[in-house]
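Colleague: I would like to go through this structure with you. Shall we take it step by step?

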Amino acid sequence: MPLVARLSLFYVAIYLVIGVSLPYVATFLRARGLSGAEIGAVLAAPLLLKPFTGAALAVWADGFRLRRSPMILLAIAAACAYLAMLVAPGFWGLLVCWLLGATLFSTISPLIDVVTLRRARTEGFNYGLPRGSGSSAFIAANLAMGLVLTWMGAEVIVVWITVAALLTAFAAFALVPAERVHDEGEAPAKRDRWKGLGSLLTDRVFVLAVVTAGLIQGAHGFYYSFSTILWRRQEIPEPMIGVLWGVGVAAEVGFMWFLEPWRRRVGPGRLLAMGAGAAVIRWTAYAFAPPLWALFPLQMLHAFTFAASFLASLQLIERLTPPKSASAAQALNSAVSQGFTLGLATLASGPLFDALGVKGYWAMAALGAAGLVGALVLGRSARVKAGA
């Protein structure tokens with residue numbers, strides 16, 4: 001099987017988990033009797049800790065001989081934690097299970113991104129092809145769960161993500177190439193791996209790129225956590241909610257698959273600014289509870305608020321980082337953009353939802369505006385302009 005097809009199938013396995021857990025786990029937690037603030041706390045816990053857990057797991061992963069080995073172990077352990085949610089007692093039990101499962105499983109994406117980005121550069125294929133295949137699986141899983149929930153209880157959400165996590169472990173073994181973590185042979189000592197991570201944190205341009213991407217991605221926190229519940233309040237049917245999520249991810253897939261030449265011409269700096277500008281527009285509009293017909297074009301802005309800023313950050317981090325620190329750099333980027341800032345936004349989203357309802361989107365628009373300022377400052381950096 002061609003490498004790009006194998007990597008595509010692995011991303012599919014990953015996003016069969018994410019396509020259900022991201023939009024629907026709040027529904028499961030709500031069915032278990034948690035309040036909006038408690039749901040926000042559960043969802044935010046792994047994200048807030050990700051700068052620490054992500055860094056530690058990345059250093060741990062760099063101690064293996066093959067890059068796929070830690071992916072297998074992470075997926076199996078995450079499946080066990082997800083399954084335990086079915087019997088977890090109350091708020092604290094659910095928080096611990098979700099913290100473990102989400103922390104372990106979310107580390108797989110930056111690890112496979114390192115492999116895919118490197119192979120895309122050396123073998124001449126578009127990174128967006130395998131990554132976009134994962135997003136396509138997100139759509140399929142999302143739509144399927146929307147239909148399943150019309151005739152089954154919320155427990156099916158946990159059963160799905162558990163089985164899909166086990167499938168991911170098998171896919172890591174069968175599909176991910178046996179690529180060495182360290183081409184020169186043995187892994188460096190753990191102390192040296194931590195030292196390489198520390199050098200990244202003293203690089204001001206690197207830190208600015210990570211924080212800026214984090215602000216833009218973090219602005220999705222309220223949407224990820226409460227859009228499904230808010231759309232239900234608008235009496236939008238469950239299958240149509242799945243369609244709305246699917247439209248957003250379809251726009252993301254289209255951007256990754258078909259706009260690669262344009263993306264390269266624009267460059268990551270300007271692309272990041274476009275993503276931030278789209279975030280300001282999108283979340284401001286959502287604060288007015290737009291009708292169903294208006295939600296479709298707004299959902300298509302996901303191509304910029306997520307896909308453009310995500311791809312721009314990956315490219316910037318790869319350019320700004322020495323190869324020996326690639327895993328740690330992408331894990332740190334993921335820890336901030338898909339972790340800490342998103343976690344803070346998610347934690348704040350619970351009280352915002354309880355107090356303001358749909359008006360909570362105003363806070364997300366403010367995060368997008370802060371990200372726009374960061375992107376404009378980053379665009380002036382000589383290293384970014386030079387593509388170095």
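Modeller: Start with a term: a salt bridge is a side-chain nitrogen of Lys or Arg within 4 Å of a carboxyl oxygen of Asp or Glu. Keep in mind that this is a predicted model.

Colleague: Which residues does the domain assignment give to domain 1 and domain 2?
Modeller: The assignment covers the protein chain. Domain 1 takes 1-182, and domain 2 takes 195-387.

Colleague: How many residues does the contact take from domain 1 and from domain 2?
Modeller: The C-alpha centres of the two domains lie 19 Å apart. Domain 1 brings 42 residues to the contact, and domain 2 brings 43 residues.

Colleague: What area do domain 1 and domain 2 bury between them?
Modeller: The size of an interface is often given as the accessible area lost when the parts come together. Here 70% of that area is on carbon and sulfur atoms. The total is about 3,700 Å².

Colleague: Which side chains meet in a salt bridge?
Modeller: The rule finds one salt bridge across the interface of domain 1 and domain 2. The cut-off is 4 Å. At 3.4 Å, N to O, the pair is Arg-131 and Glu-252.

Colleague: Which helix gives the most to the side of domain 1 that touches domain 2?
Modeller: Helices H1 (3-31), H2 (36-61), H5 (108-123) and H6 (128-148) each supply at least two residues of that side. The top contribution is 14 residues, and it comes from H2.

Colleague: How do the residues of that side of domain 1 divide into nonpolar, polar and charged?
Modeller: Sort the residues of the side that touches domain 2 by type.

Conventions
Residues are numbered from 1 along each chain as its sequence is written. This is a predicted model: local features need pLDDT of at least 70, side-chain atom pairs count only at pLDDT 80 or more; totals for chains, interfaces and linings use all residues. Side-chain values use heavy atoms; hydrogens and water are left out. Domain bounds come from an automatic or database domain assignment. Contact means heavy atoms within 4.5 Å. Buried area is the accessible area (1.4 Å probe) that two parts lose on being put together, summed over both. Helices (H or I, at least four residues) and strands (E, at least two) are DSSP runs, numbered from the N terminus. Ala, Val, Leu, Ile, Met, Phe, Trp, Tyr, Cys and Pro count as nonpolar, Asp, Glu, Lys and Arg as charged, and the others, Gly among them, as polar.
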